[in-house]
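Visitor: I would like to learn how to read a strand and a cavity in a protein model. Could you take me through them slowly?

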Amino acid sequence: MREVILLRHAHADPAAPGEEDRTRSLSARGIAEAEAVGAWLKAQRAQPDRVLCSPAERTRETLQQVLAVTGYSDLRIEPRIYEASPVTLIRVLDDHADAERVLLAGHNPGLEDLVALLADGASDAGRGLPPGAVVWLRLREPGRLEPGSAEVLHFWWP
């Protein structure tokens, strides 16, 4: 793996009384954000070799909108992404090190902490990751996911 594109799901509707967090859907705003993400990724020619997605409804819906614009990729639902720590996210990515460019769609605070860890070397150095945000990282040494092992190529949000 040489590049990792991290995508936080777009804005979702609040949970209804008794509704599980995992089943929350995108809001109208979130759908528009996800479409904008797809357009931005397409303009950047950021076609991933593999897409890893949290099983949460809002994350799957975000990717549905993104992939409708960018085109299909090898999409895999990865249960470990939901509520994952940076260490768990690194393990998930390590399991897909055979892909050159991986897009991982998930949630905060795990994604924000992962960016801080890989780019700055400390997971408490996060600067915020709004809904729909994309962080595109290049590994300084291919396949090496360790603190400080990546540079941020792009940080974008709709």
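Guide: We will look at a strand and its partners, and then at a cavity. This is a predicted model, in which local features need pLDDT of at least 70 and side-chain atom pairs count only at pLDDT 80 or more, while totals for chains, interfaces and linings use all residues. Residues are numbered from 1 along each chain as its sequence is written, and side-chain values use heavy atoms, with hydrogens and water left out.

Visitor: Which way do the residues of strand β4 point?

Guide: In a regular strand the side chains alternate between the two faces of the sheet. Here R101, L103 and A105 point one way from β4, whereas V102, L104 and G106 point the other way. Six of the six residues of β4 (residues 101-106) are buried, so the strand is largely enclosed by the rest of the structure; buried means under 20% relative accessible area with a 1.4 Å probe, protein chains only, and strands are DSSP runs of E, at least two residues, numbered from the N terminus.

Visitor: How many bridges join β4 to strand β1, and how many to β2?

Guide: Two strands pair if DSSP finds at least two bridges between them. Six bridges join β1 (residues 3-8) to β4 in parallel, with E3 opposite R101. Four bridges, also parallel, pair β2 (residues 50-53) with β4, and there L52 stands opposite L104.

Visitor: What lines the largest cavity?

Guide: Rolling a probe the size of a water molecule over the atoms shows where empty space is left. On a 1 Å grid over the protein atoms alone, a cavity is a set of points where a 1.4 Å probe fits but cannot get out, and lining residues have an atom within 4 Å of a point. The lining here is L41, A46, Q47, P48, V66, L67, T70 and L103.

Technical notes: Buried means under 20% relative accessible area, exposed over 50%, partly exposed in between (1.4 Å probe, protein chains only). On a 1 Å grid over the protein atoms alone, a cavity is a set of points where a 1.4 Å probe fits but cannot get out, and a pocket is an open set with protein on both sides within 12 Å along at least five of seven lines; lining residues have an atom within 4 Å of a point.
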